[in-house]
Amino acid sequence: MEQERFSRLQMMALVVLRVVIGWHFLYEGVAKLLKPGWSAAGFLLQSRGPFAGVFRWIAERPDVLGVVNPLNMWGLAFIGLGLILGCFTRLASAAGMIVIGVYYLCNPLLVGYFYSVPMEGNYLVINKNLVEMAALFVILVTNSGRHMGLDRILHVWFQKGRR
Amino acid sequence: MAEDDKKDQQGESGKETGKLMNRRDLLQGLSTVPVLGLFGYALNKQIGYERAQKEALAGPAAPAAKPSEINVALLGQGAQGEVLLSAMLKVPGLRFRAVCDIWTEYNQKRAVNTLKKYNFDVNGYEDYQEMLAKEKDLDAVVIATPDFWHSQHTVDCLKAGLNVYCEKEMSNTLDGARRMVHAARETGKLLQIGHQRRSHPRYIHCFEKIIKEAGLLGRIVTVNGQWNRAVKPDLGWPQRYTIPEDRLEKYGFKSMEQFRNWRWYKGLGGGPIVDLGSHQIDIYNWFLQSQPKGVVASGGTDYYDAATHEWYDTVMAIYDYETSAGRIRAYYQTQTTNGSQGYFENFMGDQGTLLISESEAAYSGMIYRDVSAPPWDSWIQKGYVSVPRVLGPQPEGAEAVLDVRESVSPDEHRIPISFRDPYHKPHLENFFRAIRGTATLNCPAEVGYETAVTVLKVNEAVEANTRLTFSPDEFSV
Ligand SMILES: NC(=O)c1ccc[n+]([C@@H]2O[C@H](COP(=O)([O-])OP(=O)(O)OC[C@H]3O[C@@H](n4cnc5c(N)ncnc54)[C@H](O)[C@@H]3O)[C@@H](O)[C@H]2O)c1
């Protein structure tokens, strides 16, 4: 395999990054799962920008919400678990990027948009969602789960099995 | 990676050939699993705190056992009597036996009819003496007559062997109030004064938990409070229910107009400062655990017709307290010409501010943490106060004046106690529980007396136009 080699410290840093993002995802999912009757409808209804129509359409369709809500909650939790454990790391980070991308598109930080919901901090186009998305991109391409994570065991198994 | 792995293979797994994978693979592979344990631990803690908050919000569970019946008479069924009755109809274990009200053709009739609807067979009386003579198995009476009747009604009912719930103001004179305390002591019967905030779960939470236990306000230095009420026409009455003059006179009223608007007349009521202020000034004494040393006050009938509004429509008073923690100044105002900002009490200490009122709609319990105070996280975890709302960003254009000397706005927390019952229900329940021996009175005669001393002095101070002092023994009987 032609791949970059990382020093121990660099590898540790990548693993820490992966685990903290995983923690965040896992709690986002668990917190929603623990809240009886949680629904994405409120968030979706506040959508602005070019895709607002799509998101509002989802918010107003109980049947679609019935799929989107559990998908979102369990999705977040499983992505979080995957990132923490380094299990299917590439899949988890790619899925995480997609999820965050969808959130961003729902409320894109376009220049000149003023939101009724106050946000902490000051952002111009880039917000913390996008930062987290970029960090997931780093995790996706470095695949740190193969070094410190269950992927390493899976990988060895898989290879041994093939042998 | 390849090289790294190769090194591993050579290093350790050389000894462990034959196994599916080496120890290093296993250790590295599982290296982040403990994070899940940490997550589980944190999550468990968090859920515990959230549950504690919810429980604090829900309040104590109601007792399940069916209570023994208490035979109740109602004395005075005007506006407040009606409010108390509707609250009592939600209290289990009461048997209403008699209603006494001199306005037989109107208020008495309404109360009797209401109780009939609830299947209580009650007798109506005009004269309370007759009621006491004829109704032999009464346990308790709830008195909501005009202030100047309280003393006589209460003393006679206590002497007839009844437990008494008497509306505030305990009496319009200290003499009358003192007789009530003596009668309660002599007869050994219960006397609860109707300062209902004393039993309100939010007020109890604020005093017991926020002020006494957690000390979140730090040292309280100033208090302010108010009851502002919009202009209101004098109370009228349906002409066909006018009370004959001889009956009015027999019960101390000069006219139907005075009978309806007794609270504005000297000798009958005490004006807004007594009517409204006494509720809140009672809270001052309670929360400060002290009585004032002096009071200055200004007031007058500035707006209404002084002939029909003998008591002051506008009063502003400042008490000074001398507590073991230090001096406290407490402002109170009541005016009856503009209702803005309604009513509230606001306690300000060097660490926090508590803004509270009886209302669920406005000022239903906010507490602000001053920047100098230590963090309140542990009290949030216990459910004593809610998660803070950081008070919003500076208003538009504020940058220009923003300056390091400006104080940072404090965090706003809420008192997590909402209350859905009629306001007077807990206080009445406390009274009935005390009769059954399962509670002690939240506002016994002695407490009502202290408040009466504190409040009635304001009217004196307005008249005297100078600071009046309280002597410490003035508050005890
Ligand atoms: N705790 C509170 O929040 C609160 C609120 C309002 C009033 N109050 C108190 O309740 C009391 C009554 O106030 P209100 O607004 O109902 O006044 P009100 O004038 O509406 O009612 C008084 C009632 O007492 C009756 N009454 C008068 N003299 C009587 C007598 N000698 N014997 C029998 N009945 C007599 C009248 O006919 C009338 O029905 C007052 O003491 C007042 O301070 C308390």
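**View 1. The loop around A:Phe88 in the predicted model.** A:Phe88 sits in the loop between α4 (62–85) and α5 (89–106) of chain A. Helices are DSSP runs of H or I with at least four residues, strands are E runs of at least two, and both are numbered from the N terminus. A:Phe88 is not a glycine, yet its phi is positive, at about 50°. Residues are numbered from 1 along each chain as its sequence is written, while chains are lettered from A and ligands numbered from 1 in the order in which they are written. In this predicted model, local features need pLDDT of at least 70, side-chain atom pairs count only at pLDDT 80 or more, and totals for chains, interfaces and linings use all residues; side-chain values use heavy atoms, with hydrogens and water left out.

**View 2. A:Val99 in helix α5 of chain A.** A:Val99 touches A:Leu76 and A:Ile79, leaving aside residues up to four places away in sequence. Contact here means heavy atoms within 4.5 Å. A:Ile21 is 78 residues away from A:Val99 along the chain, and their C-alpha atoms are separated by 13 Å.

**View 3. The ligand and its shell.** The ligand is surrounded by 30 residues, each with a heavy atom within 4 Å of it. The closest are B:Gln80, B:Asp101, B:Asn107, B:Asp147 and B:Lys168. By class, the shell holds 11 nonpolar, 12 polar and seven charged residues. Nonpolar covers Ala, Val, Leu, Ile, Met, Phe, Trp, Tyr, Cys and Pro; charged covers Asp, Glu, Lys and Arg; the others, Gly among them, are polar. In chain B, α4 (79–88) and α7 (147–159) each supply at least two shell residues. α7(B) gives the most, with four residues.

View 4. A polar side-chain atom of B:Asp101 lies 2.5 Å from a ligand oxygen. B:Ala79 uses a polar backbone atom, 3.0 Å from an oxygen of the ligand. For B:Arg263, a polar side-chain atom is 3.1 Å from a ligand oxygen. On its own the ligand has 850 Å² of accessible area, and the protein covers 93% of that. Areas come from the Shrake-Rupley method with a 1.4 Å probe.

**View 5. The two domains of chain B.** Domain 1 spans 31–42 + 201–422 + 445–475, and domain 2 spans 50–197. The bounds come from an automatic or database domain assignment. The C-alpha centres of these two domains of chain B lie 26 Å apart. Across the boundary, 50 residues of domain 1 are in contact with 34 residues of domain 2. Both domains give residues to the shell around the ligand, so the ligand lies between them.

**View 6. A cis peptide bond in chain B.** The bond joins B:Lys168 and B:Glu169, with omega about -15°. B:Glu169 lies in the loop between β5 (163–166) and α8 (174–187) of chain B.

**View 7. Confidence along chain B.** Chain B averages a pLDDT of 90, and 90% of the residues score at least 70. pLDDT is the predictor's confidence in each residue, from 0 to 100. Residues 1–18 of chain B fall below 50; this stretch has 20 contacts in the model beyond near neighbours in sequence. Residues 392–406 of chain B also stay under 50, with two contacts beyond four places in sequence. Where pLDDT is low, the predicted coordinates should not be read in detail. The model scores ipTM 0.87 and pTM 0.76.

Technical notes
A polar contact is a pair of N or O atoms within 3.5 Å; within protein, one must be able to donate a hydrogen and the other to accept it, and residues adjacent in sequence count only if both atoms are side-chain atoms.
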